[in-house]
Amino acid sequence: MPIFKRRRRNAVQADPIGAFWSWWTTTGGAAVADAVARREPGGANAELTERIGRIHPDLEWELGPGLHAEHVLIVTAAGNPAQRATARRWLRAAPPSDHAWEYADLRRPGPAVTIQFDGLPPVAIDESLVSIEPDSASVHVGVHHPAFASLSVDTQRRVTFLILDLVLGEEMVETWVGAIDPLADAPADAVPVMQLLPAVAGFAAEHTLDDGSPAWKMLEGTRDGQRVIATAEYPLRSIRRPHLDTHVAVSIRYPVVREDGLPESEMLDELRAFEDHLTDRLGGSGNLLAHETSAGVRILHYYVDGTTPADAQLQAATTGWPHGKVTLTTTPDPAWEGVAHLAG
């Protein structure tokens, strides 16, 4: 059973991620592995809780068997978008995996286990039943377990999320699952929980390109009586690139010739070339996730790593546009709320 811990007391340190990995590579990793082998995790757990709490008090951690190493250390934001970038930066600073340890920042699917909270009845995951309702954007899931009858609503919800994380893995839950509901009664269309993974994986495959990269979709509507055309990555979920925690909206003005306010073909070609120019300047510090065009303005929605000078790189690259004003608006946005209107 994974070990879940949370640190609640704040501590200040210039580089807590670097300090963690320095401790881990010198003495910490070996000490934790030894404690696991002796089945005496108390002291090692306390040390891990202390040092991960210095990175951020809301991060959670787990130990478990690795996929390619003997053990895995997982440090996760536990569904909190505000801390996903921190967890991903912790992972990106990790040493290479070896025979003893590998590392992750998202909970992985695991074998059927029993969830146990102090003072509450055990919840065997394989006794769960689920309802599965896909729509055009995501899969909505209801979870029922016989133990729910003796659990509070808050505990039912906590157990529901743990069940989904352990059956699907955190990334699949955050990317492809929509509404999540604990169900006091088993629905008529309920199926065993082990049917959930193939159902969600199949849905994901239908909405992903053959090389595994995200698909894009086109949207059309009106805003203030003006026609709007938009294209966006699908699905727009920050869990895919959690280190991109800053929204940079680049608004590009162009001359309006058409009655509907959209660019004519030659202007569209220029806008696309300018977009490519801006994207090339980012390198690996960010991605273009969506753009929308209406009434003489094309907005490019970039998400960048807020610890890099990516927004300044974009600003410097905008000086070459000859057809109108270009403005940048930079906003911290770890949950990608700035493109939520394009995520449906």
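Welcome to the tour! The structure contains 1 cavity of 30 Å³ or more, and this is where we start. Keep in mind that you are looking at a predicted model.

**Stop 1: the cavity**

Select Thr 76, Ala 77, Arg 84, Ala 87, Asp 105, Leu 106, Glu 170 and Ile 239, which line the largest cavity. Its volume is about 30 Å³.

**Stop 2: Ala 78**

Now move to Ala 78, in the loop between strand 3 and helix 3 (81-92). Its phi is near 55°, a positive value in a residue other than glycine. Is Ala 78 buried, exposed or partly exposed? Its relative accessible area is 29%, so Ala 78 counts as partly exposed.

**Stop 3: Glu 70**

Next, select Glu 70, in the loop that connects strand 2 (60-65) with strand 3 (71-76). With a relative accessibility of 53%, Glu 70 counts as exposed, because the cut-off for that word is over 50%. Which residues does Glu 70 touch, leaving aside its neighbours within four places in sequence? Show Gly 64, Pro 65, His 99 and Ala 100, and you have its contacts.

**Stop 4**

Switch to a cartoon view and find the open sheet of 4 strands, ordered 9-8-7-10 with mixed pairing. Strand 9 (177-183) and strand 10 (191-192) are its edge strands, each pairing on one side only. Strands of a sheet pair through backbone hydrogen bonds, in either a parallel or an antiparallel way. Look at strand 7 (residues 129-134) and strand 8 (residues 139-144), an antiparallel pair with 6 bridges. Select Ile 132 and you will see Val 141 of strand 8 opposite.

Two helices pack on this sheet. Helix 4 (residues 153-168) touches strand 8 and strand 9, and its direction makes about 130° with that of strand 9. Helix 6 (residues 196-206) touches strand 7, strand 8 and strand 10, at about 15° to the direction of strand 7.

**Stop 5: a cis peptide bond**

Go to Tyr 234 and Pro 235, joined by a cis peptide bond with omega of about -10°. Pro 235 sits in the loop between strand 12 (226-234) and strand 13 (246-253).

**Stop 6: Trp 336**

Finish at Trp 336, in the segment after strand 16 (326-332). Trp 336 is not a glycine, yet its phi is positive, about 60°. Its relative accessibility is 3%, so Trp 336 counts as buried.

Technical notes: Residues are numbered from 1 along each chain as its sequence is written. This is a predicted model: local features need pLDDT of at least 70, side-chain atom pairs count only at pLDDT 80 or more; totals for chains, interfaces and linings use all residues. Side-chain values use heavy atoms; hydrogens and water are left out. On a 1 Å grid over the protein atoms alone, a cavity is a set of points where a 1.4 Å probe fits but cannot get out, and a pocket is an open set with protein on both sides within 12 Å along at least five of seven lines; lining residues have an atom within 4 Å of a point. Grid points are joined across faces, edges and corners, and a volume is the space filled by probe spheres set on the points. Buried means under 20% relative accessible area, exposed over 50%, partly exposed in between (1.4 Å probe, protein chains only). Contact means heavy atoms within 4.5 Å. Two strands pair if DSSP finds at least two bridges between them. Axes are lines fitted to C-alpha atoms, for helices over the stretch in contact, and angles run from 0 to 180 degrees between N-to-C directions.
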